[in-house]
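Reader: Could we go through this model together? I would like to begin with the overall fold.

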Amino acid sequence: QMYAQRYGTVPVVHATGGLKDSVIQYDPFQDQGTGWKFETADPEGIKYGLWNALNTYKNHKEAWERLVLRCMTTDFSWERSAKRYIEVFKWAHADDPF
């Protein structure tokens, strides 16, 4: 989904593993997020994700365009990930364990 987002595909995914971490749930009220996640891998879960995606595409064109742009500009680089790991290590090293 990281490659797909780079090319403008908005993800609708089962919220598991790396997909849960790399897709940010779309919030139409805050105009934030990069796609839709559904919790249950069953027909109802898939319908939830697809209905929201199709509804936004069909009825909220400007919001959809902003969503696609966010997907295309999301930074999944190793440089960003490495900076986050460094921050965690600094935080963990800042306090003694006991």
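Author: The protein chain has five helices and two strands, taken as DSSP runs numbered from the N terminus (H or I, at least four residues, for helices; E, at least two, for strands). Their order along the sequence is α-β-α-β-α-α-α. This is a predicted model, in which local features need pLDDT of at least 70, side-chain atom pairs count only at pLDDT 80 or more, and totals for chains, interfaces and linings use all residues. Residues are numbered from 1 along each chain as its sequence is written, and side-chain values use heavy atoms, with hydrogens and water left out.

Reader: What does the C-alpha trace span along its principal axes?

Author: The trace spans about 55 × 30 × 25 Å.

Reader: Turning to threonine 34, where is its place, and is it buried or exposed?

Author: Threonine 34 lies in the loop between helix H2 (17-22) and strand E2 (36-38). Its relative accessible area is 4%, so it is buried (under 20%; exposed is over 50%, partly exposed in between; 1.4 Å probe, protein chains only).

Reader: Which residues does it touch?

Author: Leaving aside residues up to four places away in sequence, threonine 34 touches Gln5, Val10, Pro11, Ser22, Val23, Ile24, Leu67, Cys71 and Thr74; contact means heavy atoms within 4.5 Å.

Reader: How much of the chain is buried?

Author: Of the 98 residues in the protein chain, 27% are buried.

Reader: And what share of contacts with a separation of 6 or more joins residues 24 or more positions apart?

Author: Such residues account for 52% of those contacts in the protein chain.
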